[in-house]
Amino acid sequence: MERAEKREFVTGLNEVFKSTGSVVVAHYAGLTVAQMNDLRSKMRAAGGTVKVAKNRLAIIALQGTDSEGMKGLFKGQTLIAYSDDPVAAPKVASDFAKGNEKLIILGGAMGSTALDADGVKALATLPSLDELRAKLVGMIATPATRIAQVVNAPAAQLARVLGAYARKDEAA
């Protein structure tokens, strides 16, 4: 890698550390190319990205960001997974690590909060932003349907009473 390429990589990684919702750092030693491509495609489908990080350059890129507390994680063959949704990258990385023991989650960061491996796994168990939105819309819509049912109930009862009287007159 030439000096200009390194500078561009550090600048790009610095923007990632400043702007993303969460970052996961993991060891990937022993993963095949097919497994790595599978991880990348799953992460892309969830709205995230996976990059192999050169440790020295990643530590330089961390300077001046809120995520500076995770410098100690960059030892050995590391990759970073990140996404704007704070739950997406940890969820995909944790799910992939369950099925493949060669991906070892070291930790990560969510904003200025440094996370250890257990913190990343705990974050992965939370519902995603889209799931939370769906639950919120469901909670808001439920009272509206109940109000509609209560308002319509007297009219429905009146219709049943009139129907009963009509059937009674027909029978007589």
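pLDDT is the predictor's confidence in each residue, from 0 to 100.

**View 1. Confidence across the predicted model.** This is a predicted model, in which local features need pLDDT of at least 70 and side-chain atom pairs count only at pLDDT 80 or more, while totals for chains, interfaces and linings use all residues. Residues are numbered from 1 along each chain as its sequence is written, and side-chain values use heavy atoms, with hydrogens and water left out. The protein averages a pLDDT of 85, and 97% of the residues score at least 70. Helices (H or I, at least four residues) and strands (E, at least two) are DSSP runs, numbered from the N terminus.

**View 2. The five-stranded sheet.** Follow the strands across this open sheet and you will meet them in the order β2-β3-β1-β4-β5, with antiparallel pairing. Two strands pair if DSSP finds at least two bridges between them. β2 (48-53) and β5 (113-116) stand at the edges with a single partner strand each, so one side of each has no neighbour in the sheet. From one strand to the next, the twist averages 20°; axes are lines fitted to C-alpha atoms (for helices over the stretch in contact), and angles run from 0 to 180 degrees between N-to-C directions.

**View 3. Strands β1 and β3, with helix α2.** Strand β1 (residues 22-27) runs antiparallel to strand β3 (residues 78-83), and six bridges join them. To find your place, look for Ala26, whose bridge partner in β3 is Leu79. Helix α2 packs on the sheet, touching β2 and β3, and its direction makes about 145° with that of β2. Contact here means heavy atoms within 4.5 Å.

View 4. Phe9, Val10, Leu13, Asn14, Val16 and Phe17 of α1 are buried (under 20% relative accessible area; exposed is over 50%, and partly exposed in between, with a 1.4 Å probe and protein chains only). These residues cover an arc of only 160° around the axis, which puts them on the same side of α1. The arc is that of the directions from the helix axis to the C-beta atoms. Arg7, Glu8, Lys18 and Ser19 are exposed on the other side of α1. The buried residues of α1 pack against β1, β2, α3 (55-62) and β3.

**View 5. Val50 and its surroundings.** Val50 lies in strand β2 and is buried, with a relative accessible area of 7%. Leaving aside neighbours within four places in sequence, Val50 is in contact with Leu39, Arg40, Met43, Leu79, Ile80 and Ala81.
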